[in-house]
Amino acid sequence: MLFRSRAYWIDLEGPRRGPPELMDDTLQRLPHTIPPVLAWFRRVRPTPRRTGVGDRFAVLMLGVRRARVEVTEVRADGFRLGTLRQHSESGWIDFHAHPLGEGRYRLQVVSQVRASSWFDRAAYLCGVSVLQRLTWEAGLRRVLRRSGGQKVGHGTTTVEWP
């Protein structure tokens, strides 16, 4: 199977909230960040405490594919989710924000994964990649709105290797 790294980003300026506050808010509100029609997130065994390392989410992708992810890292500039068994991809997804200078910064989702099976690889090539892009881009737009800033750029890159 091929490994794949994809990056989705939105550059913004003039935010009312800085990266640490915005990334913490994104983690705490993860189920409300991703549109449920694309991927429905639900925290497994929710507690009153804040979402942190070790917390898991059940994900229902496109209403048919079940998956699970776990928070594996929380930093001031973002957080990382590791995929768990049953996920169509094996690897991690990193949400972060970093300054670009002059009052601008980049909101970014980076995934480094490989398909969990040949079926999942074929599905990715036959169109799931488009839905995946729409999912992360929609989530980034929601984070952008919560930042209070304005979009000044956006993009996506993909790199694959054996």
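## Close-up views of a predicted model

**Figure 1. The overall dimensions of the chain.** The C-alpha trace of the protein chain spans about 45 × 35 × 25 Å when it is laid along its principal axes. The radius of gyration is 15 Å, which agrees with the value near 15 Å that a compact globule of 162 residues would have. When contacts in the protein chain between residues at least 6 apart in sequence are considered, 59% of them join residues at least 24 apart.

**Figure 2. The order of helices and strands.** The secondary structure of the protein chain consists of three helices and eight strands.

**Figure 3. A nonpolar patch on the surface.** Phe3, Val159 and Trp161 together form a nonpolar surface patch, whose accessible area comes to about 250 Å². Phe3 belongs to strand E1, which covers residues 3-13. Phe3 counts as partly exposed because its relative accessibility is 32%, a value that lies between the limits of 20% for buried and 50% for exposed residues.

**Figure 4. Arg45 in the loop between strands E2 and E3.** Arg45 is found in the loop that runs between strand E2 (39-43) and strand E3 (56-61). The phi angle of Arg45 is near 50 degrees, which is a positive value in a residue other than glycine. Arg45 is also exposed, because its relative accessible area is 67%, and the limit for that class is over 50%.

**Figure 5. Glu102 in the loop between strands E6 and E7.** Glu102 lies in the loop between strand E6 (89-101) and strand E7 (104-115). Its phi angle is near 55 degrees, again a positive value in a residue other than glycine. With a relative accessibility of 82%, Glu102 counts as exposed.

Technical notes
Residues numbered from 1 in each chain as written. Predicted model: local features only at pLDDT ≥ 70, side-chain atom pairs only at ≥ 80, totals over all residues. Heavy atoms only, no water. Patch = residues over 30% accessible without salt bridge, like charges linked within 9 Å, V, L, I, M, F, W, Y side chains within 5 Å. Areas by Shrake-Rupley, 256 points an atom, 1.4 Å probe, with all protein chains shown as cover. Salt bridge = Lys/Arg side-chain N within 4 Å of Asp/Glu carboxyl O. Helix = DSSP H or I, 4+ residues; strand = E, 2+ residues; numbered from the N terminus. Buried < 20%, exposed > 50% of the residue type's maximum accessible area, 1.4 Å probe, protein only. Rg over C-alpha atoms; globule rule 2.2 N^0.38 Å. Contact = heavy atoms within 4.5 Å.
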